[in-house]
Amino acid sequence: MVCRRHIAGKTGHHCTAGSESDDDGNERGIWAFHQKNLGYTKDQILNEFTPASTAYNEFIALLDKYCDRYDPTDKFDLGGYNVQFDLQKISSWFNHFGNNYMFAYISAVKNDPMYIIPFIMKDYPRNKMKLTYMWDYLIECGMPTPKFKRQTHDARSDVLQTYWIWKKICEPSREAFLS
């Protein structure tokens, strides 16, 4: 499988399934999906992308560089919007390579405004939990507009939006709770 987030850096999982061709020589299955939806051919994926095992080993080396996996107090805290999704992806990546020790690097603590906002803002609609809905709702409630341009499904924009929500809503509420 190839993740869109990894394509920009030419890092992705090489596909092993779906390498069949039809009678006209056109790719079918997963390769056809990648060509049609992402614009990459089978040859580009196999020759230009970092193999999944290499990317995984580089990721573990990066974690080892900044975290002592044997120290229970030295862990990465994940922060983001709907960070559970990312945690599940990281966990499946660890499991795919036979590593059951993800929590040797990453703590179970998740700093995620998606789960905090509904408790802080009681009138927030529970059926609109996507970042774009929450963002629009907070601005409609009178929150000052930040100085960056918001873009949907852009990793940098998502990080900035989440940070802005955290700093404006979650952090002050936490401080008020602790005082």
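Q: Asp112 is buried yet has no salt bridge; how far away is the nearest side chain of opposite charge?
A: Buried means under 20% relative accessible area (1.4 Å probe, protein chains only). A salt bridge needs a side-chain nitrogen of Lys or Arg within 4 Å of a carboxyl oxygen of Asp or Glu. Lys and Arg count as positive, Asp and Glu as negative; His and the chain ends are not counted. For Asp112 the nearest opposite charge is on Lys110, at 7.8 Å.

Q: What kind of model is this?
A: Residues are numbered from 1 along each chain as its sequence is written, and side-chain values use heavy atoms, without hydrogens or water. Local features need pLDDT of at least 70 and side-chain atom pairs pLDDT 80 or more, while totals for chains, interfaces and linings use all residues: this is a predicted model.

Q: Which backbone nitrogen lies 2.8 Å from a polar atom of the Asp112 side chain?
A: Asp112 sits in the loop between S2 and H6. Beyond four places in sequence, Asp112 touches (heavy atoms within 4.5 Å) Gly80, Tyr81, Asn82, Val83, Gln84 and Trp166. The nitrogen at 2.8 Å belongs to Val83.

Q: Where is the kink in H8 centred?
A: H8 is a DSSP helix (H or I, at least four residues) spanning residues 155–178. Bend is the angle between axes fitted to the seven residues ending at a residue and the seven starting there. The kink is about 40°, centred on Trp166.

Q: Which elements do the buried residues of H8 pack against?
A: Those buried residues include Trp164, Ile165 and Trp166. Their packing partners are strand S2, helix H6 and helix H7.

Methods:
Helix = DSSP H or I, 4+ residues; strand = E, 2+ residues; numbered from the N terminus. Buried < 20%, exposed > 50% of the residue type's maximum accessible area, 1.4 Å probe, protein only. Polar contact = N/O pair within 3.5 Å; in protein donor to acceptor, adjacent residues only side chain to side chain.
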